[in-house]
Amino acid sequence: MTFTTRPTLAGTFGMVSSTHWIASQSAMSVLERGGNAFDAAACAGFVLHVVEPHLNGPGGDMPAIVATADDPTPRVLCGQGPAPAGATIEHYRAEGLDQVPGSGLLAAAIPGAVDAWLVLLRDHGTWELSDVLEPAIGYAEAGHPVLPAVSATIERVAGMFTEHWPTSASTWLPRGKAPTPGSLVTNPAYAATLRRLLAEGAAAGTDRVSRIEGARRAWSHGFVADAVDRFARGSFLDSSGAAHAGVITSEDLGGFEATWETAVTLDWAGATVAKTGAWGQGPVLLQSLQMMDALGDPSELDLLGADGVHTTTEVMKLAFADREAFYGDVDVPLADLLDPAYAAQRAALVGADASMEIRPGSPGGRTPVLPHGLGETDSAANDSTVGEPTVATPTAQRGDTCHVDVVDRFGNMISATPSGGWLQSSPTIPELGFCLGTRAQMFRLQEGLPASLAPGRRPRTTLSPTLVLRDGAPSMACGTPGGDQQDQWQLLFLLRVLAQGNALQDAIDAPAWHSEAVPSSFYPRGMQPGVLVIEDRIDPAVARELSARGHDVQLGPGWSEGRLCAVTRDPATGVLRAGANPRGMQGYAVGR
């Protein structure tokens with residue numbers, strides 16, 4: 001028997017895997033009391049706002065992919081808010097900026113997470129909103145044992161809070177210092193926000209859907225939108241080194257609704273892999289799978305050998321180069337990008353040695369256009385307010401957020417990746433108990449690019465949930481935190497599970513790696529050509545061979561790469577399984 005850090009769970013009733021054990025068990029409690037996968041996922045989502053506030057918040061974003069027992073067709077729920085009406089390139093340039101800041105009010109896209117969770121509950125849930133929110137309200141009012149990573153995050157930004165963001169200091173430094181790991185932390189202002197949403201929802205109608213709609217209106221047209229509008233008029237220091245007011249208004253919140261969209265799919269290794277559209281980075285995973293097929297039989301690739309590490313790394317570099325040239329909230333040529341002939345053409349560029357170039361292709365004969373100065377900016381490793389934070393050590397690569405997967409006994413399944421609105425990303429709005437997100441930092445202040453800033457356009461997010469089907473039935477939901485690493489780590493996971501037949505926990509526990517040659521989506525947009533970060537559990541001889549091939553191999557701690565969650569359902573037998581990431585000591589799967 002292969003040793004794993006915890007078992008691959010198996011059962012027939014329900015499975016949950018998430019990045020925090022409290023969220024997982026809260027969701028499981030919903031299943032135990034008769035709720036379905038979507039009731040459970042929404043419950044987990046609001047709990048994650050409370051227990052992982054350094055990794056997501058109500059002011060952030062949430063894309064998800066769902067399949068229902070009645071309709072197995074994968075559908076994307078887009079909770080990625082677009083740029084506000086006042087977010088123009090001209091405005092930011094007039095503020096003396098050449099990039100959207102990585103923190104502060106100017107980096108705010110319209111919050112999308114809360115509306116998306118409410119739309120999910122309205123359209124596919126069965127529970128009352130009051131029941132779904134009960135655990136989150138309880139943990140926000142009575143407290144929860146704070147994670148060491150939350151304490152460390154607050155400690156790193158304590159000076160910034162005290163000197164420049166006093167409302168954040170009042171919320172997160174109640175006695176003038178960061179909370180001790182394991183101590184009870186509360187957020188009464190956020191609990192009050194949720195209670196007011198419930199009260200206004202209850203006053204809006206006599207049935208479940210009307211009450212949810214009432215809560216949505218209170219968020220987007222009522223007291224939440226008004227508070228955001230007032231607070232955004234203030235001026236606060238951000239990562240640019242200057243103070244700026246925001247451009248987001250109550251009208252922006254009132255004009256946004258989470259939407260349902262068709263998933264982008266690829267048939268691969270006897271399965272169908274579903275991702276978001278190319279307003280997110282998800283299709284890079286599909287492009288990478290196509291290229292892996294073009295290079296040979298993925299089931300025979302030794303993923304712990306030098307060839308396996310080299311091949312996956314070079315393939316992802318090519319896919320991410322196409323992301324830089326073609327992806328965004330525009331008309332992206334996905335049919336051409338996913339064409340097997342194009343994949344074969346791209347795969348032919350994978351040589352024996354590591355490439356140091358950014359090499360986008362020409363899908364359908366199109367000419368690629370890359371941003372000016374791509375990858376020339378140094379990393380912002382010393383600024384704890386920017387980028388996506390990590391759940392590992394402070395010196396580890398940034399790039400984590402949250403993830404939750406749920407499958408129930410009926411066959412409903414969801415993969416969701418909530419993120420943004422981190423406690424350290426923007427000043428806290430005191431009467432709401434949360435801050436705005438910073439997803440707009442993914443826009444470019446250069447005209448003519450797919451990811452150029454424009455009002456009403458969605459930022460090209462890194463959030464990348466995955467749903468897999470077999471014979472037309474949903475069979476797996478998976479995903480990971482990790483920013484630009486999300487699809488790099490998911491490629492390794494899918495190769496191991498779909499092509500090589502590994503059990504979930506085996507695939508999650510296996511040594512992993514990522515390339516820093518991928519241009520960062522986060523301010524200030526750095527990259528490190530040739531750098532390959534790999535867990536030091538790899539065979540030293542493999543590391544030496546990779547170095548000989550031109551990779552700048554940097555060994556990280558043995559359990560530092562990847563944050564995978566996954567649940568599965570065997571369509572033939574109905575058996576459910578789940579696995580969860582041990583890295584960071586937060587993620588957990590539960591089920592029976």
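Reader: Which residue is the bridge partner of V531 in β20?
Author: V531 has D552 as its bridge partner in β20. Strands here are DSSP runs of E with at least two residues, and helices are runs of H or I with at least four, numbered from the N terminus. The model is predicted, so local features need pLDDT of at least 70, side-chain atom pairs count only at pLDDT 80 or more, and totals for chains, interfaces and linings use all residues. Residues are numbered from 1 along each chain as its sequence is written, and side-chain values use heavy atoms, with hydrogens and water left out.

Reader: How many bridges join β19 to β20?
Author: Five bridges join β19, residues 531–535, to β20, and the two strands run parallel. Further along, E535 stands opposite G556 of β20.

Reader: And how many bridges join β18 to β19?
Author: There are three bridges between β18 and β19, which run antiparallel. In this pair, W513 is opposite I534 of β19.

Reader: What is the order of the strands in the sheet?
Author: The order is β18-β19-β20 in an open sheet of three strands with mixed pairing; two strands pair if DSSP finds at least two bridges between them. Because β18 (513–515) and β20 (552–556) each have a single partner strand, they stand at the edges, and one side of each lacks a neighbour in the sheet. On average, neighbouring strands of this sheet are turned by 20° against each other, direction ignored.

Reader: Which helix packs on the sheet?
Author: Helix α13, residues 306–326, packs on the sheet and touches β18 and β19 (contact means heavy atoms within 4.5 Å). The direction of α13 makes about 40° with that of β18.

Reader: Is β19 mostly covered or uncovered?
Author: β19 is mostly covered, as five of its five residues are buried, meaning under 20% relative accessible area with a 1.4 Å probe, protein chains only. V531, V533 and E535 point one way from the strand, while L532 and I534 point the other way.

Reader: At what angle do α13 and α16 pack?
Author: They pack at about 130°, with axes 11 Å apart. Axes are lines fitted to C-alpha atoms, for helices over the stretch in contact, and angles run from 0 to 180 degrees between N-to-C directions. The angle of α13 to α16 therefore counts as oblique (the class left after under 35 degrees, roughly parallel, over 145, roughly antiparallel, and 65 to 115, roughly perpendicular). T312, M316 and F320 of α13 make the contact with D487, Q488, L491, L492 and L495 of α16.

Reader: What about α13 and α18, at what angle do they pack?
Author: α13 and α18 (residues 540–548) pack at about 50°, with axes 9 Å apart. That makes α13 oblique to α18 as well. Here A306, V309 and H310 of α13 meet V542, E545 and L546 of α18.

Reader: New topic: how many residues has the largest nonpolar core?
Author: The largest nonpolar core has 90 residues, and F46, W117, V224, V406 and I414 have the most contacts inside it. Such a core is a set of buried Ala, Val, Leu, Ile, Met, Phe, Trp, Tyr and Cys residues joined through side-chain atoms within 4.5 Å. Helix α2 (residues 37–51) gives the largest share of this core, twelve residues.

Reader: What does W117 touch?
Author: Leaving aside residues up to four places away in sequence, W117 touches several residues, including F46, H49, M62 and P418. A second, separate core of 59 residues includes V309, F326, Y327 and I508.

Conventions. Buried < 20%, exposed > 50% of the residue type's maximum accessible area, 1.4 Å probe, protein only.
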